[in-house]
Amino acid sequence: ATLSDRHVLLGWVNHIEQDETSSVMTVTQIVQLSGGPGNYAFHTPTVKQQPASFHERNTFYPLGNFTRAQRDRIIEIARGLNFNMKTRVNSCRTWTYMLCVAMIAEGLLSQETFDYIDKDVPLRKPEPEIE
């Protein structure tokens with residue numbers, strides 16, 4: 001496992017559009033922890049328009065299809081995670097690990113999907129804070 005941080009976020013496509021030049025754009029809602037060691041923050045989920053090249057330059061792991069109520073619940077879970085925003089030990093990958101574990105507990109994510117992502121990324125289990 002690597003100790004370097006990788007930016008990880010959850011997102012879902014709310015809309016796909018194609019303009020007159022056949023350029024495809026997606027409107028994606030993004031749920032993420034931002035910032036860096038000692039200064040993390042969870043902000044209101046954002047909606048961004050992304051060109052097709054965004055999807056070509058980044059790695060994506062499908063988590064499933066979610067209803068509006070399920071997406072709202074995922075955001076609620078993300079807001080309620082017991083993650084120390086001032087941590088210098090844990091990272092965005094730890095926060096994502098915690099979110100995925102909570103999603104599994106509520107039946108929103110399969111263990112099999114989580115295991116695949118965790119092996120490939122890898123995500124990070126929370127570590128005790130060093131005082």
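The radius of gyration is taken over C-alpha atoms, and the globule rule is 2.2 Å times the number of residues to the power 0.38.

**View 1. The whole chain, a predicted model.** With 131 residues, a compact globule would come out near 14 Å, and the protein chain has 16 Å, which agrees. The C-alpha atoms fill a box of roughly 55 × 30 × 30 Å along the principal axes. From the N terminus on, the elements run β-β-β-β-α-α-α-α; helices (H or I, at least four residues) and strands (E, at least two) are DSSP runs, numbered from the N terminus. Buried residues (under 20% relative accessible area, 1.4 Å probe, protein chains only) make up 37% of the 131.

**View 2. The hairpin of strand 1 and strand 2.** Strand 1 (residues 9-18) and strand 2 (residues 24-36) run antiparallel, joined by nine bridges; two strands count as paired if DSSP finds at least two bridges between them. Look for Leu9, whose bridge partner in strand 2 is Gln32. Five residues sit between the strands, and Ser22 takes a positive phi near 70°.

**View 3. Strand 2 and its other partners, strand 3 and strand 4.** Strand 3 (residues 39-42) pairs antiparallel with strand 2 over four bridges, with Gly35 opposite Tyr40. Their hairpin has two residues between the strands, and here Gly38 has a positive phi near 85°. Strand 4 (residues 46-51) also pairs antiparallel with strand 2, over six bridges, and Thr28 stands opposite Lys48.

**Notes for all views.** Residues are numbered from 1 along each chain as its sequence is written, and side-chain values use heavy atoms, with hydrogens and water left out. In this predicted model, local features need pLDDT of at least 70 and side-chain atom pairs count only at pLDDT 80 or more, while totals for chains, interfaces and linings use all residues.

Conventions: Buried < 20%, exposed > 50% of the residue type's maximum accessible area, 1.4 Å probe, protein only.
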